[in-house]
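Please look over the sequence and the structure shown below before reading on.

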Amino acid sequence: MLFRSLPLVQAELWSKLGIALQQAGADGSRPLLLEAVRCYQRALDAGVTAAGQPEWFAQLQNNLGLAYLSMPAREAGDALRTGIAVQSFRQALRCFDRERHPDMWSSVRMNLANALQYLPSSHPQENLIEAVEAYEEVLAVRTAARDPVSHARVLLNQANALAHLGIFAPALEKLAESARLLAGHGCDEEATAARELHDQITHVRGR
């Protein structure tokens, strides 16, 4: 039993090191984030699987996706990292269940939707539609009654995707509600961002 458990002990150490590196590189430090990615991949290679350790596997995949998205885009190949992040989030969602893991499920679903908005693709409209639908699912978990600030942030992101699709009326409604909730809870900068996007859409519609 001891020898069979050693790989997972190693995986736990790699996981913890990856988290520490990712936190240290939160300002966008490419070297630290790349090393965090290597640590997560080593943890997976050590035997963390969707079948054997589903929640651990999902957390590693979510962390991988966030690390890829946090890297500053400096090279042409960096655009591929968004695609890798999307696949990592999809892998995580295979393991997190909406009913049993509502908080983690909604976090990963939100991360996926955010990544889809900026995924370089030959079919951006399909990605945006999927993102809008994903945000709608998250709103059902992160309700205004349960977590008004989080709810408002989802509305803001969803409105942005709707605006890119040219669906302006619902976007404006969601932005107005987002700004109201954010301002009411002291999130002034985010409330301003919601109002500015609202004004931009209104200007475009008025042309």
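## Terms and model

A residue is called buried when its relative accessible area is under 20%, exposed when that area is over 50%, and partly exposed when it lies in between. With these words in hand, please keep in mind that the structure shown here is a predicted model.

## The chain as a whole

The protein chain has nine helices and zero strands, and from the N terminus on its elements run α-α-α-α-α-α-α-α-α. Along its principal axes, the C-alpha trace spans about 70 × 40 × 30 Å.

When contacts with a separation of 6 or more are considered, residues 24 or more positions apart account for 57% of them.

Helix H9 runs over residues 188-205, which gives it 18 residues, and it reaches 26 Å from its first C-alpha to its last, close to the 26 Å expected at 1.5 Å a residue. Which residues of H9 are buried? They are Ala191, Ala194, Leu197 and Ile201. Seen down the axis of H9, these buried residues fall within an arc of 125°, so they line one face of the helix.

On the other side of H9, the residues Asp188, Glu189, Asp199 and His203 are exposed. What covers the buried residues of H9 includes helix H7, residues 148-164, and helix H8, residues 168-184.

## A nonpolar patch on the surface

Leu6, Val9 and Leu13 form a nonpolar patch on the surface, and together they have about 260 Å² of accessible area. Val9 has its place in helix H1, which covers residues 2-24. The relative accessible area of Val9 is 41%, and because this value lies between 20% and 50%, Val9 counts as partly exposed.

## Two residues and their contacts

Gln158 has its place in helix H7. Is Gln158 buried or exposed? Its relative accessible area is 1%, and because this is under 20%, Gln158 counts as buried. Leaving aside the neighbours within four places in sequence, Gln158 is in contact with Val132, Tyr135, Glu136, Leu139 and Lys174.

Asn114 has its place in helix H5, residues 102-117, and at 24% relative accessibility Asn114 counts as partly exposed. Again leaving aside the neighbours within four places in sequence, Asn114 is in contact with Tyr135 and Asn157. Asn114 and Ala26 are 88 residues apart in sequence, and in space they are 17 Å apart from C-alpha to C-alpha.

## Salt bridges

How many salt bridges does the structure hold? The structure holds nine salt bridges, and one of them joins the side chains of Glu130 and Arg90, with a distance of 2.8 Å from N to O. This pair links distant parts of the chain, since Glu130 lies in helix H6 (residues 124-141) and Arg90 lies in helix H4 (residues 79-93), 40 residues apart. Glu130 is partly exposed, with a relative accessible area of 23%, and Arg90 at 30% relative accessibility also counts as partly exposed.

The side chains of Arg180 and Glu177 meet in another salt bridge, at 2.7 Å from N to O. Both residues of this pair, Arg180 and Glu177, lie in helix H8, three residues apart, which is about one turn of the helix. Arg180 is exposed, with a relative accessible area of 52%, whereas Glu177 at 27% relative accessibility counts as partly exposed. Elsewhere, salt bridges that share partners join Glu35, Arg38 and Arg42 into one network.

Key: Residues numbered from 1 in each chain as written. Predicted model: local features only at pLDDT ≥ 70, side-chain atom pairs only at ≥ 80, totals over all residues. Heavy atoms only, no water. Helix = DSSP H or I, 4+ residues; strand = E, 2+ residues; numbered from the N terminus. Expected span 1.5 Å × (residues − 1). Buried < 20%, exposed > 50% of the residue type's maximum accessible area, 1.4 Å probe, protein only. Arc of directions from axis to C-beta. Contact = heavy atoms within 4.5 Å. Patch = residues over 30% accessible without salt bridge, like charges linked within 9 Å, V, L, I, M, F, W, Y side chains within 5 Å. Areas by Shrake-Rupley, 256 points an atom, 1.4 Å probe, with all protein chains shown as cover. Salt bridge = Lys/Arg side-chain N within 4 Å of Asp/Glu carboxyl O.
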